[in-house]
Every structure is written in structure tokens, then in C-alpha cells.
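Hi everyone, thanks for making time for this one. Have a look at the model on the screen, and I'll walk you through it.

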Amino acid sequence: MTDALWVYAIGFLAQGFFSARILVQWILSERARRIVSPNAYWVCSLAGSILLFLYGWLRSDFCVMLGQLISYYIYVWNLDIKGLWQKVPRWIRIPIAVLPCVAIGCGIAGGRAFFDSLFRNSNLPLWMIVFGSAGQIVFTVRFIYQWYYSYRRHCSLLPVGFWVISLVGSGIIVSYGIMRLDPVLILGQSVGFIAYSRNILLGKRQKVDTAQRA
């Protein structure tokens with residue numbers, strides 16, 4: 001029971017960072033009356049990603065780990081383009097940069113036992129792994145879209161499409177969390193629904209205002 005409590009504590013701490021990023025971004029966007037991409041959003045994203053990956057590892061949950069691996073370096077890219085990554089001391093940057101590679105290497109070194117714990121888990125049937133992974137992939141595609149959109153404009157932005165994908169992916173992950181009986185996923189993803197919807201409205205209003213000025 002003690003082990004379960006501290007594992008859940010890591011998961012809730014990770015979701016705390018993700019919830020904080022959403023709240024900060026939402027508040028600043030409401031003040032600016034447009035969608036903004038604050039520095040705190042990406043700092044909290046990276047911290048939350050590290051912790052949630054660890055939580056997925058401890059829970060032998062491939063779906064959770066997959067989502068964090070895909071988005072991890074996009075968080076770093078956004079910090080870099082904002083000029084924050086270079087300000088982090090090198091002795092901290094290097095471990096952060098190689099962390100996913102080390103994790104993958106440790107998993108491979110674990111051999112069959114590690115893969116069996118992920119894909120032959122009696123508490124997590126294959127169909128649920130597929131469903132949960134689909135949700136994580138959809139949810140994480142938003143960051144690939146965000147990166148592409150921002151890369152073309154040479155600055156960190158959070159476009160309307162990012163929030164639309166967020167809503168869809170979050171809904172799938174909440175469903176997976178309910179089936180998995182995972183309070184970390186259920187509560188963590190539910191927090192964002194209002195903020196995602198509000199950002200969509202702000203983005204559409206911003207487009208209307210821009211068109212009217214033109």
C-alpha cells in the first residue's frame with residue numbers, strides 16, 4: 001500500500017505541473033484577449049513530462065510512457081526558441097537532454113522481463129493498451145502540430161488547432177483512465193477541458209478581430 005501511495009504521489013505531482021501550465025496559460029490569455037505561449041507553460045511541461053514518464057514506468061503503463069517520449073523534445077525545442085534552454089546550466093541541460101535515451105536503454109537492457117511487464121500485464125489487456133496508446137498519440141500529435149506551426153513562424157505559438165486536438169485526445173485518455181481506474185489520468189486530464197474550450201473561443205475571436213482590422 002505504501003508503494004502505491006508514493007507512486008500515485010509522483011503521478012499527481014506530474015499532473016500538478018500540467019494543471020499549473022494550463023491555468024497560467026489560460027489566465028494570461030484571458031488578460032491578453034488572445035492565445036499566448038508563456039515561458040511557464042513549457043517549463044511546467046518539461047517538469048511534468050519527466051515525472052509522468054517515471055509514473056508510467058513504475059505503473060508498467062506503456063501508454064503513459066509513449067505520450068511523454070513523443071512530446072519531450074518538443075518541450076525542449078520551445079524552451080530553446082524562447083531563449084530559456086541556453087540559460088540552464090550545462091550540468092543540468094545534459095542529463096535532461098539524454099534522459100529519454102537512458103530510459104530507453106535501461107528498458108532494452110531489462111530484456112524480455114521489461115517488455116512482458118508492459119505488454120503482457122494481466123491488469124492491462126492488449127486492447128486497452130492499443131486504446132490508451134491511441135489516446136496518447138492523438139493527445140501528443142498536438143505538440144507535433146504545434147512544433148510544425150511554430151517552426152514555420154520561427155516563434156513559439158499555441159494555435160487553435162492545438163486546442164482542438166487537445167480536447168479530442170484528452171477525452172480518449174480520460175476514458176482510458178476510467179477503464180484503468182487511474183485517478184491520476186482522470187483528474188489530470190479533466191482539469192484541461194474548460195481551458196481547452198476557452199482557448200478555442202479566444203483563437204476564433206482573435207481571427208475575427210484580425211480580419212476586421214484588415
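Helices α3 and α4 cross in a left-handed manner, where left-handed means that the near helix is turned anticlockwise from the far one by less than a right angle, and right-handed would be clockwise. Their axes come within 10 Å, at a crossing angle of roughly 160°. That makes α3 roughly antiparallel to α4. An axis here is a line fitted to C-alpha atoms, for helices over the stretch in contact, and angles run from 0 to 180 degrees between N-to-C directions.

Before I go on, please keep in mind that this is a predicted model, in which local features need pLDDT of at least 70 and side-chain atom pairs count only at pLDDT 80 or more, while totals for chains, interfaces and linings use all residues. Residues are numbered from 1 along each chain as its sequence is written, and side-chain values use heavy atoms, with hydrogens and water left out.

Now the overall picture. The chain has 214 residues, and 43% of them count as buried. Buried is under 20% relative accessible area, exposed is over 50%, and partly exposed lies in between, with a 1.4 Å probe and protein chains only.

Let's stay with α4 for a moment, residues 90-109. Its 20 residues should span 28 Å at 1.5 Å a residue, and the end C-alpha atoms are 27 Å apart, which agrees. The expected span is 1.5 Å times one less than the number of residues. Even so, α4 has a kink of about 45° at L99, shortly before the proline P100. That bend is the angle between axes fitted to the seven residues ending at a position and the seven starting there. The buried residues of α4 are I96, P100, A103 and G107. As a reminder, an α-helix has 3.6 residues a turn, so residues three or four places apart point the same way.

Next, α2, residues 39-58. Its 20 residues should also reach 28 Å, and the end C-alpha atoms are 29 Å apart, which agrees. Its buried residues include W42, L46, F53 and Y55. Y55 is 10 residues from M65 along the chain, with 8.3 Å between their C-alpha atoms. G67 sits in α3 and is buried, with a relative accessible area of 2%.

Now to another pair, α6 (residues 126-153) and α7 (residues 160-180), whose axes come within 8 Å and cross at roughly 160°. They are therefore roughly antiparallel to each other, and α6 passes α7 in a left-handed crossing. The residues of that contact divide into 15 nonpolar, nine polar and two charged.

In α6 you can find T140, which is buried at 3% relative accessible area. T140 and F162 are 22 residues apart along the chain, and their C-alpha atoms are separated by 9.8 Å. F162 is one of the buried residues of α7, along with W163 and I173, among others. α7 itself has 21 residues and reaches 30 Å from first C-alpha to last, close to the 30 Å expected.

Last, some backbone angles. Just after α7, L181 takes a positive phi of about 55°, and L181 is exposed at 67% relative accessibility. R33, in the loop between α1 and α2, has a positive phi of about 60° although it is not a glycine. R33 is exposed as well, at 58%. After α2 comes S60, with a positive phi near 55°.

Note on methods. Helices (H or I, at least four residues) and strands (E, at least two) are DSSP runs, numbered from the N terminus. Angles under 35 degrees count as roughly parallel, over 145 as roughly antiparallel, 65 to 115 as roughly perpendicular and the rest as oblique. Ala, Val, Leu, Ile, Met, Phe, Trp, Tyr, Cys and Pro count as nonpolar, Asp, Glu, Lys and Arg as charged, and the others, Gly among them, as polar.
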